[in-house]
Amino acid sequence: LLDTNISMYGQLAFAYCGKGEIDKAFEYLRTFNQMERMHVYVLRNMQDDHYFENMQDIPEFQKIRQEVLAKYQAEHERVMNWLEENDRL
C-alpha cells in the first residue's frame with residue numbers, strides 16, 4: 001500500500017502538470033514530498049525538464065525537487081551502509 005501511495009502521488013502530480021493544472025500538481029508534489037521513501041522514477045521525472053516543464057522555473061518546485069533528491073540519497077546511503085555492514089555486497 002505504501003509503494004502504491006508513493007507512486008500514485010508522483011503520477012498525479014505529473015498528470016496535473018501535463019494538463020497545466022499547476023496548483024493541483026503542487027498539491028500532490030507536496031504530499032509526495034512528505035513521504036519518507038522516494039521512488040527513483042519520480043525523482044528522475046522531476047530532474048528531466050520534459051516531465052515537469054510547466055513547473056521548472058518555479059522556486060517551490062526547485063525546493064521540492066532538492067528535498068526529494070536529498071531524501072532519496074539519504075535512503076540510498078542507508079541501504080548501502082546496511083548492505084556493507086551485513087556483507088551483502
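In this predicted model, Phe-26, Leu-29, Arg-30, Phe-32, Asn-33 and Gln-34 of helix 2 are in contact with Glu-60, Phe-61, Ile-64, Glu-67, Val-68 and Lys-71 of helix 4. By class, six nonpolar, two polar and four charged residues make up this contact of helix 2 with helix 4. The protein chain has four helices and zero strands.

**The chain as a whole**

- Read from the N terminus, the elements of the protein chain follow the order α-α-α-α.
- Along the principal axes, the C-alpha atoms of the protein chain fill a box of roughly 50 × 30 × 20 Å.
- The protein chain has 89 residues, and 30% of them are buried.
- Of the contacts between residues at least 6 apart in sequence, 59% join residues that are at least 24 apart.

**Helix 2 against helix 4**

- Two packed helices are described by the angle between their axes and the distance between the axes.
- Helix 2 covers residues 22-34 and helix 4 covers residues 59-85.
- The angle at which helix 2 and helix 4 pack is about 25 degrees, and their axes are 10 Å apart.
- Angles under 35 degrees count as roughly parallel, and helix 2 and helix 4 are therefore roughly parallel to each other.
- The crossing of helix 2 with helix 4 is left-handed.

**Salt bridges**

- The count of salt bridges comes to five, and three of these pairs are described here, beginning with the one that links helix 2 and helix 4.
- Glu-60 and Arg-30 form a salt bridge in which the closest N and O atoms are 2.6 Å apart.
- This pair links distant parts of the chain, since Glu-60 is in helix 4 and Arg-30 is in helix 2, 30 residues apart.
- Glu-60 has a relative accessible area of 30% and is partly exposed.
- Arg-30 also counts as partly exposed, at 39% relative accessibility.
- Both Glu-60 and Arg-30 are among the residues through which helix 2 and helix 4 meet.
- Glu-27 forms a salt bridge with Lys-24, and the closest N and O atoms of the pair are 3.7 Å apart.
- Glu-27 and Lys-24 are three residues apart in helix 2, so about one helical turn separates them.
- Glu-27 is partly exposed, with a relative accessible area of 37%, and Lys-24 counts as partly exposed at 30% relative accessibility.
- A further salt bridge joins the side chains of Glu-21 and Lys-19, at 3.6 Å from N to O.
- In that pair, Glu-21 is partly exposed, with a relative accessible area of 33%, whereas Lys-19 counts as exposed at 58% relative accessibility.

**Buried residues**

- Asn-33 is located in helix 2 and has a relative accessible area of 9%.
- Buried means under 20% relative accessible area, so Asn-33 is buried.
- Leaving out residues up to four places away in sequence, Asn-33 touches Met-38, Ile-64, Glu-67, Val-68 and Lys-71.
- Arg-65 belongs to helix 4 and counts as buried, at 19% relative accessibility.
- Met-35 is part of the loop between helix 2 and helix 3, the latter being residues 40-47.
- At 15% relative accessibility, Met-35 counts as buried.
- Met-35 and Lys-71 are 36 residues apart in sequence, while their C-alpha atoms are 9.2 Å apart in space.

**A residue with positive phi**

- Asp-87 is not a glycine, yet has a positive phi of about 50 degrees.
- Asp-87 sits in the segment after helix 4.
- With 70% relative accessibility, Asp-87 counts as exposed.

Definitions and conventions. Residues numbered from 1 in each chain as written. Predicted model: local features only at pLDDT ≥ 70, side-chain atom pairs only at ≥ 80, totals over all residues. Heavy atoms only, no water. Axes fitted to C-alpha atoms, helices over the stretch in contact; angles between N-to-C directions. Helix = DSSP H or I, 4+ residues; strand = E, 2+ residues; numbered from the N terminus. Parallel < 35°, antiparallel > 145°, perpendicular 65-115°, else oblique. Left-handed = near helix turned anticlockwise from the far one by under 90°. Contact = heavy atoms within 4.5 Å. Nonpolar A, V, L, I, M, F, W, Y, C, P; charged D, E, K, R; others polar. Salt bridge = Lys/Arg side-chain N within 4 Å of Asp/Glu carboxyl O. Buried < 20%, exposed > 50% of the residue type's maximum accessible area, 1.4 Å probe, protein only.
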